[in-house]
Amino acid sequence: MSLIIEKKQIKNWLKELKKEFQVIDTRNSILPAKQYFLPPKEDIFIFNKKTKRLTNSSYQRKTLIFGLDLNDLEAMTQLDEIMKNPQPDFFYWQKREKSVLVGLTEESFGPAPGGDIIFKKINPYQYQAMILTEKGEEIINSPFFKKNKTRANEDFKDKLGSFRKILLDSEVLADAVAWSIGHKIWDELAKKCLSCGICTYVCPLCYCFSVEDKVNLDNAKCVRCRQWDACTLPHFARIAGGHNFHKTIKERYYNWFYHKFVRAYREYGRSQCVACGRCQRYCPAGIDIEKVLSEILEDYKKVKK
Ligand code: SF4
Ligand code: SF4
């Protein structure tokens with residue numbers, strides 16, 4: 001047994017939920033859902049010299065993120081895991097715990113990749129709701145939903161796109177990217193890449209940030225702020241004294257791949273990429289991550305034969 005909702009009623013259901021939640025529709029958004037839990041820029045605490053007190057802006061609003069596709073749901077599942085290690089990121093979880101994630105898809109899928117509820121289109125007028133968590137259960141208790149006799153996902157057929165197929169064997173991918181350090185492709189990409197950082201900003205699984213203290217001119221108040229950083233940016237690996245561990249674009253761009261496909265595999269057993277395609281869609285230099293990985297894998301397999 002599952003629940004169904006008429007397509008035209010989804011709007012009304014979300015309207016109802018607005019009484020309790022800040023409702024955000026993320027369909028086709030350039031920036032992924034990480035922006036709501038790890039914002040591009042946020043003040044994490046303020047120190048007041050006069051009162052000698054530290055205050056942090058406690059986050060009160062309950063948020064419902066609507067319209068995540070299957071890739072973005074999977075990315076959120078992975079990001080939650082990352083943000084728990086080595087210890088929970090307080091500022092991320094402060095917001096994340098008050099949020100509900102609702103997926104929306106026309107594709108059939110096997111095990112649910114994440115989220116609290118997933119709406120799957122079953123015909124042009126109706127969606128089937130798959131409830132995955134207690135949070136999901138709570139918000140679906142509404143007259144807009146009717147019982148349905150068909151079981152969720154009974155039409156699932158595994159149809160993986162070419163990029164997804166590349167990601168299937170994350171062990172081989174990790175070995176191939178580690179092996180590729182001397183490959184000519186990194187020289188070619190270094191000539192194209194503009195070091196703009198867009199690929200990391202739009203990636204649902206890039207989460208590096210930098211921390212900055214801003215002190216008032218009268219020295220009375222200091223705000224600690226964190227903001228997104230990107231390993232492709234020139235200053236990323238620069239340390240006190242001016243030494244830069246990744247001075248060249250080639251080193252930085254390779255490092256981006258190394259983290260996603262080698263380090264992530266060693267730490268979490270899978271690549272930190274869900275094939276969402278944002279980095280290739282928004283790269284001003286037209287660099288296509290799928291093509292880069294395909295070339296590396298092809299050459300790696302030839303050499304390892
Ligand atoms: S978006 Fe493209 S040009 Fe910009 S840093 Fe990433 S790969 Fe380089
Ligand atoms: S396709 Fe690009 S943007 Fe999307 S998850 Fe993979 S690396 Fe990140």
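A: The C-alpha centres of domain 1 and domain 2 lie 29 Å apart. Domain 1 covers 2-38 + 58-148, and domain 2 covers 162-209 + 228-304; such bounds come from an automatic or database domain assignment. Across the boundary, 18 residues of domain 1 are in contact with 20 residues of domain 2, where contact means heavy atoms within 4.5 Å.

This is a predicted model: local features need pLDDT of at least 70, side-chain atom pairs count only at pLDDT 80 or more, and totals for chains, interfaces and linings use all residues. Residues are numbered from 1 along each chain as its sequence is written, chains are lettered from A and ligands numbered from 1 in the order in which they are written, and side-chain values use heavy atoms, with hydrogens and water left out.

Now the cavities. A search of the whole structure finds three of 30 Å³ or more. A cavity here is a set of points, on a 1 Å grid over the protein atoms alone, where a 1.4 Å probe fits but cannot get out; lining residues have an atom within 4 Å of a point. Points are joined across faces, edges and corners, and a volume is the space filled by probe spheres set on them.

The largest cavity holds about 150 Å³ of space. Its lining has 16 residues, with T200, L205, C206, Y207 and C208 nearest its centre. Helices α9 (198-202) and α10 (249-268) each supply at least two of the lining residues. The largest share, three residues, comes from α10. Helices are DSSP runs (H or I, at least four residues), numbered from the N terminus. By class, this lining has ten nonpolar, three polar and three charged residues. Ala, Val, Leu, Ile, Met, Phe, Trp, Tyr, Cys and Pro count as nonpolar, Asp, Glu, Lys and Arg as charged, and the others, Gly among them, as polar.

The second largest cavity holds about 120 Å³. It is also lined by 16 residues, and C193, C199, Y253, C283 and I287 lie nearest its centre. Again, α9 and α10 are the elements that give two or more residues to the lining. The classes here are 13 nonpolar, three polar and no charged.

Ligand 1 sits in this second largest cavity, meaning that more than half of its atoms lie within 2 Å of the grid points. Around ligand 1 are 13 residues, of which C193, L194, C196, C199 and C283 come nearest; each has a heavy atom within 4 Å of the ligand. That shell divides into ten nonpolar, three polar and no charged residues.

Note on methods:
On a 1 Å grid over the protein atoms alone, a cavity is a set of points where a 1.4 Å probe fits but cannot get out, and a pocket is an open set with protein on both sides within 12 Å along at least five of seven lines; lining residues have an atom within 4 Å of a point.
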